[in-house]
Amino acid sequence: MKPTALNLSPSFLALASHATEAKDWHMRELFAQDPQRFEKYSLDAAGLFLDFSKNRFKQNTLTLLLALARERGVEAQRTAMFAGEKINITEGRAVLHTALRAPHDAQLHVDGQDVSADVHAVLAQMQGFSERVRNGEWTGHTGRAITDIVNIGIGGSDLGPAMVCGALRSYRHARLTMHFVANVDGHDLDAVLAAVDPETTLFIVASKTFTTAETMLNAHSARSWFLRHGSEKDLARHFVAVSTNTAGVTAFGIDPANMFRFWDWVGGRYSIWSAIGLPVMLAIGYEGFRAFLDGAHGMDKHFRTAPLEKNMPVLLALVGVWNRNFLDSGSLTIAPYHHDLRRFAAYLQQLDMESNGKSVTREGAPVTAATGPVVWGEIGTNSQHAYFQLLHQGTDLVPVDFIASLQPTHDLPGHQASLLANCFAQSEAFMRGKTAAEVRAELQAQAMPAAQIDALVPHKVFAGNRPSNTILLPALTPSMLGALIALYEHKVFVQGVIWDINSYDQWGVELGKVLAQSILGELQGKPAGEHDSSTRGLIALARQRL
Ligand code: F6P
């Protein structure tokens, strides 16, 4: 049955009218009116803690949002996803990243394939290989142990392993340095090659399709670089692949025995749990990787079984829908207060924006309400000294997700308390703001002349009432990082269901890829194609230099 257009659904209409009242609420008052607000609007799940109380809503807002989730079929779609139904309708695929982190005894068959058996067979292959590299048994062609691992991949084949290896830096193997090359810009690969020794370097060519232009060019260049130092027969000790495309891997010259498989039901941006996580297993070992999977599985269990009103990904998603569709916020800032999470915002950008950056419904009709926000961010406290000014006093409403771990993995005195103090202070400042009366009293206490006070007050007022969530981890361990990523994956899923979009395809990236292929030909001497004057002019300028 065709679903009702979102903007005509009863709960959406009720929320739209409710939002006209909400425009007059200030969170300061909401907190003053309800001393239990924090207890009511915070929860634990899978080891994580979420405080969503600093958002502009009342209990009846939440009731309406939960009704919207039910009306849009979140529960049924959740069941369909976990069961392996082909919810990626434009590609006719199941969406089963949750199966990658399920325990050994999980039973799941899709199209006659024993998903669980396949997943655990590849995990065992990864374990055997990573143990040999880590213990020095797997050597380079001259018999020296591997010291550097270069992952060549882009998008989901780069951001996941790069972010997770960075985040779990303090768990890494002491001999192994991880490098990530994604950009087709040769400066990326060049810088890495300048820092590594061909005798002790292992390249992982990571590509779901094994056709992505950037990855293929980087892999061929790395291969040529290696062949200046070693011979063809030595390649097998220095190049392995992670892919769904055996033919492509073989054609590149990598022995299929050194290939780690995954499947078309793993989306690129959901692939960190698959063999795409091989750099993570190499860095932190099998046990660490298993803990990472188990942490995510803990969040899967919570998401699958908790009632919607006590379901962390659902609540995070609903607050996001409220901010996006009813309070008109166009973006979401991610502010991790943990230095090792410095690639987390970039990772979430792909997860959220490639999934929910859509403007037609699953049936192909134009959407009738805003979909995915622009996701961006940077670690705290650095971001406080860069763009928080706009978040506090600018004209846009930009909700913030603060993410912090209570325990650090360093033992430098004083730093952790200072970090957390900043994190909590920012969320308080965004919520409370500072009134004209408060500013005036502060300036009067400094004995400032009245005329000067009058001039300064408007500049020093903070409106406040700016929404934020705070997510706390006990510590940034493999397991808690797994739970954190899974939390956002399910949040994106719930929002996609509410907006009735397919969160699992990414046709929007295709046009640029096709045009780049034809422009590449023209830059390399083929006759100029049909272009607008700007593109034609740029190509002509570049041709003079190439
Ligand atoms: O172009 C987008 C995209 O397809 C992403 O979805 C994907 O993560 C990335 O490219 C890399 O794809 P592959 O792993 O097939 O090289």
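Is S53 buried or exposed, and what is its relative accessible area?

Mentor: S53 counts as buried because its relative accessible area is 1%, and buried means under 20%, with over 50% being exposed and anything in between partly exposed (1.4 Å probe, protein chains only). Keep in mind that this is a predicted model, where local features need pLDDT of at least 70 and side-chain atom pairs need 80 or more, while totals for chains, interfaces and linings use all residues. Residues are numbered from 1 along each chain as its sequence is written, and side-chain values use heavy atoms, leaving out hydrogens and water.

So where does S53 sit? You'll find S53 in the loop between β2 (48-51) and α4 (59-71); helices here are DSSP runs (H or I) of at least four residues and strands (E) of at least two, numbered from the N terminus. Leaving aside residues up to four places away in sequence, S53 touches F31, R37, F38 and Y41, where contact means heavy atoms within 4.5 Å.

Now zoom out. An automatic or database domain assignment sets the bounds: domain 1 (10-71 + 306-432 + 466-503), domain 2 (97-288) and domain 3 (510-543). The C-alpha centres of domain 1 and domain 2 are 33 Å apart, and their contact takes 23 residues from domain 1 and 22 residues from domain 2.

Domain 1 and domain 2 bury about 1900 Å² between them, with 59% of it on carbon and sulfur atoms. Buried area is the accessible area (1.4 Å probe) that two parts lose on being put together, summed over both. In domain 1, D340, Y347 and P478 lose the most area to domain 2, together 30% of what that side buries.

There's some charge pairing too: the rule finds 3 salt bridges across this interface, each a side-chain nitrogen of Lys or Arg within 4 Å of a carboxyl oxygen of Asp or Glu. Elsewhere in your list of pairs to look up, the side chains of E489 and R101 meet in a salt bridge (2.8 Å, N to O).

As for which elements do the touching, α14 (344-356) and α19 (478-499) each supply at least two residues of the side of domain 1 that touches domain 2. The largest share of that side, 8 residues, comes from α19.
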